[in-house]
Amino acid sequence: MTASPCPGPLHRREFLRVGALALGGLGLSDLLAARAAAGTSASDASVILFWMWGGPSQLETYDPKPDAPAEIRGPFRPISTSVPGLDLCELFPLQARLADKVALVRSLHHTMSAHNDGSIEVLTGKTPIQPDPTSTSLSEHPDFGMVASRTRGARRDGVPVYVGIPRQPFMTRPTYLGASHSAFAVGDPSVPDFRPRALTLEADLDGRRLEDRRGLIAQFDGLRRGVESGAAEGVGAFREAAFQMLTNPTVASAFDLSREDPRLRDRYGRHLWGQSCLLARRLAEAGSSVVTIDALAPTLSDRYFSWDDHINVQTRWDLGDAMKYRAPFMDQAIATLIEDVYARGLDRKVLIVAAGEFGRTPRLARADGLIGRDHWPAAMSALISGGGLRMGQVVGATNRWGEYPADRPLTPKDLLATIYRHLGVDYRAAFPDVSGRPVPILSEGEPIRELV
């Protein structure tokens, strides 16, 4: 297995250019118009994905190899838990205390070694036909949140079915499902007085400000009119529906983090990842089907702004230092989310998944006093919690150096089949593409039997 060419972590300005936290591509009236014919949800099950774009190292997260040589083992040691064999990297002490509430899948693997291609593989279950080593490719098929949006349809209470915090993964597109099934991108919930984009109404606003907001909606619609064929038909009625969504107290309440006990907000962490996990729990509890947390970095750091832990001598990017920086933020946010979901009795309703697009090379690279690992799709790990699944176990194993699955090899398609099963989505169903040809949601993959 050779890693695809990658110049190392993008400069932050370039990263923000290719995936800026923009206002989103759709007006709310477009969103509601295209979903209206799909009916209402048949299930209240939800999935929260903590999406670690860049590719987290399996050895520095959920598949440590303490007995391997130093050039494989890396700089950290594992933490034992109450579950035999369920060891985590020492940087995750809070998650280690929750071993009975998590399952680790250690034998995931695929063949896409570029960031966007790997992301498309994991999020859509479709292998790109022509891999793009520049990591600029966009999906030809919808991701699982878009599929959930299409199959479940709009909720009558206005709570969005698919939400991206602060945005949806930037390489996936709804394509033949229609652009309205993109995630409702809400922005950064850790900022003071957070209000999601285009959702800033309060119940006590006076009529003048409501009319101002109505005018803003009309501007959004004007900018985006024609994004989908047929969008102009009945646009007035759906513009009004969008306005009603914006003024719906149920929706406003779901997004209002100020309703939470400040002590709980502190437990999650007053940073992007912590408040994103808290908002995700609130939205899942309110009825959102899929919430993706674009977990690139816990703050807008100029340095470690993704999980792409190559060596970069110019920026002094170092795997060990990067993990020591980001791990406490993740450990706090994920552990609190798991505890909160279980404490509220939501552990059957809400499935939590933490994963990235691939793993990292088992052998460390070294240069100028720095260490790093390159892309490695042949072995990757995922953490799973809740969803009514069987917790307190490890599924699958890699060989002694963390290179390849040695037991129970699984693919992202199997993980997605497990997610779809939880959501009540028939993953063997098909949607017509733009030419009318039926495209199965998944053509391969089965729910992971050890979990279900």
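1. Helix 6, which spans residues 144-152, is mostly covered, with seven of its nine residues buried; buried here means under 20% relative accessible area, exposed means over 50% and partly exposed lies in between, for a 1.4 Å probe and protein chains only. The buried residues of helix 6 are F144, G145, M146, V147, A148, S149 and R152. Helices (H or I, at least four residues) and strands (E, at least two) are DSSP runs, numbered from the N terminus. At the start of helix 6, a side-chain oxygen of D143 comes to within 3.0 Å of the backbone nitrogen of G145, and just after the helix G153 adopts a positive phi of about 80 degrees.

2. The model is predicted, and local features in it need a pLDDT of at least 70, side-chain atom pairs count only at pLDDT 80 or more, and totals for chains, interfaces and linings use all residues. Residues are numbered from 1 along each chain as its sequence is written, and side-chain values use heavy atoms, with hydrogens and water left out.

3. The protein chain averages a pLDDT (the predictor's confidence in each residue, from 0 to 100) of 85, and 79% of the residues score at least 70. Two segments call for caution. Over residues 13-42 pLDDT stays under 50, and the model has 72 contacts (heavy atoms within 4.5 Å) beyond four places in sequence for them. Over residues 219-238 pLDDT also stays under 50, and there the model has 27 contacts beyond four places in sequence.

4. Some backbone geometry deserves a check, since most residues other than glycine have a negative phi, and most peptide bonds are trans. I165 and P166 are joined by a cis peptide bond with an omega of about -10 degrees, P166 being found in the loop between strand 5 (162-165) and strand 6 (184-185). R316, although not a glycine, has a positive phi of about 60 degrees; this residue is found in the loop between strand 7 (290-294) and helix 12 (319-343), and R316 counts as partly exposed at 32% relative accessibility. R408, also not a glycine, has a positive phi of about 55 degrees and is placed in the loop between strand 16 (405-407) and helix 13 (412-423), where R408 is buried with a relative accessible area of 19%.

5. The structure holds 10 aromatic pairs, a pair being rings of Phe, Tyr and Trp (its six-membered ring) whose centres lie within 6.5 Å, with planes under 30 degrees apart counted as stacked, over 60 as edge-to-face and the rest as tilted. One of them is the stacked pair of W273 and W307, at 5.9 Å centre to centre and 10 degrees between the planes. W273 lies in helix 11 (residues 272-286) and W307 in the loop between strand 7 and helix 12, so the pair ties together parts that are 34 residues apart in sequence. Both W273 and W307 are buried.

6. W376 and Y404 form a tilted pair, 5.7 Å centre to centre with 50 degrees between the planes. This pair links distant parts of the chain, with W376 in strand 12 (residues 375-376) and Y404 in the loop between strand 15 (397-398) and strand 16, 28 residues apart. W376 counts as buried at 7% relative accessibility, whereas Y404 is partly exposed at 36%.

7. Ring pairs also link Y304, F305, W317, Y325 and F329 into a cluster. As for charges over rings (NZ of Lys or CZ of Arg within 6 Å of the ring centre and within 35 degrees of the ring normal), the charged end of R326 sits over the ring of W307, 4.5 Å from its centre, and K101 lies over the face of Y342, at 5.6 Å from the ring centre.

Notes: A polar contact is a pair of N or O atoms within 3.5 Å; within protein, one must be able to donate a hydrogen and the other to accept it, and residues adjacent in sequence count only if both atoms are side-chain atoms.
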